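Hi there,

Here is the structure I promised to pass on. Have a look at it first, and then read on for what turned up.

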Amino acid sequence: MRTDDWITRLHDLQRRGEPCVVATLVENQGSTPRDAGSKMLITADQIFYTLGGGNLEFQVTSIAREMLASGAKISRFEHFSLGARLGQCCGGMASVLLEPLGQPQPHVVVYGAGHVGRALVNILSTLPCRITWVDARASEFPVVVDPQITCIVDEEPEGTVAQMPAGSYFMVLTHDHQLDFALSERILKRGDFRYFGLIGSETKRKRFDYRLSGKGISDEQLARMRCPVGLPDVRGKLPAEIAIAIAGEFIAAYGAHSQVVS
């Protein structure tokens, strides 16, 4: 691994707002899979580079992901004996420094790339969050988007709900009521979201409540669906006005969650 390889990868992760742990083999004694100075970058779902594989790498990855899950801000220094207990036969000693970089950012999923969706994503892209933007129409997306935005074109967008990470903030703003309903059902049945907002009127809310109840969605689950979405005091029907109301509600929801975690 060239010295600048991991730096380039780290820069890319930070540009996308994705927290990671840098694991560095700082000291080795005896026989070890890699030399001192070797590095590995660990995110919540990816690994870049290697400390030599085997159970050492498994243990380091487990510790790193515990740090990411807990939002750890302090580095850890761990010692490993590469003997039978660790499942490796090298017989050496390894000391690894684990440095958490980047704070966890909320993951926002926006369904719909119409006027309101575009206005909302423009606002969200100025905030410290990661955005997944989904629509069936490729032509609706801008040619160039910011690094923290992932665009997904899918003719059946409701199928992507299961692919999103737990704790996501869902915002359903499509042009199709049937699609809105299908997305709502899947999001509510997942139940592991932090926020779910659905664009629409009070009448749409009542109709959806009735139909979703028929799909086995409980009153408690329905209460978690924000519809009409957006801060009620921010009035207006222009796409930018609606987007500001939704963004404000998202900021309030994320802020409330952050205070509970703290």
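**Where helix 4 meets helix 5**

In helix 4, H177, Q178, D180, F181, S184, E185 and L188 meet K204, F208, R211 and L212 of helix 5 (contact means heavy atoms within 4.5 Å; helices are DSSP runs of H or I with at least four residues, strands are runs of E with at least two, both numbered from the N terminus). The residues of this contact comprise four nonpolar, three polar and four charged (Ala, Val, Leu, Ile, Met, Phe, Trp, Tyr, Cys and Pro count as nonpolar, Asp, Glu, Lys and Arg as charged, the others, Gly among them, as polar).

This is a predicted model, where local features need pLDDT of at least 70 and side-chain atom pairs pLDDT 80 or more, while totals for chains, interfaces and linings use all residues. Numbering starts from 1 along each chain as its sequence is written, and side-chain values use heavy atoms, leaving out hydrogens and water.

The axes of helix 4 (residues 177-190) and helix 5 (residues 202-213) come within 11 Å and cross at roughly 55 degrees (axes are lines fitted to C-alpha atoms, for helices over the stretch in contact; angles run from 0 to 180 degrees between N-to-C directions).

Five strands form an open sheet in the order 3-2-1-5-4, with antiparallel pairing (strands pair if DSSP finds at least two bridges between them). Its edge strands are strand 3 (47-49) and strand 4 (76-81), each pairing on one side only. From one strand to the next, the twist averages 25 degrees. Strand 1 (residues 20-29) and strand 2 (residues 39-42) run antiparallel, joined by four bridges; T24 has K39 in strand 2 as its bridge partner.

Happy browsing!
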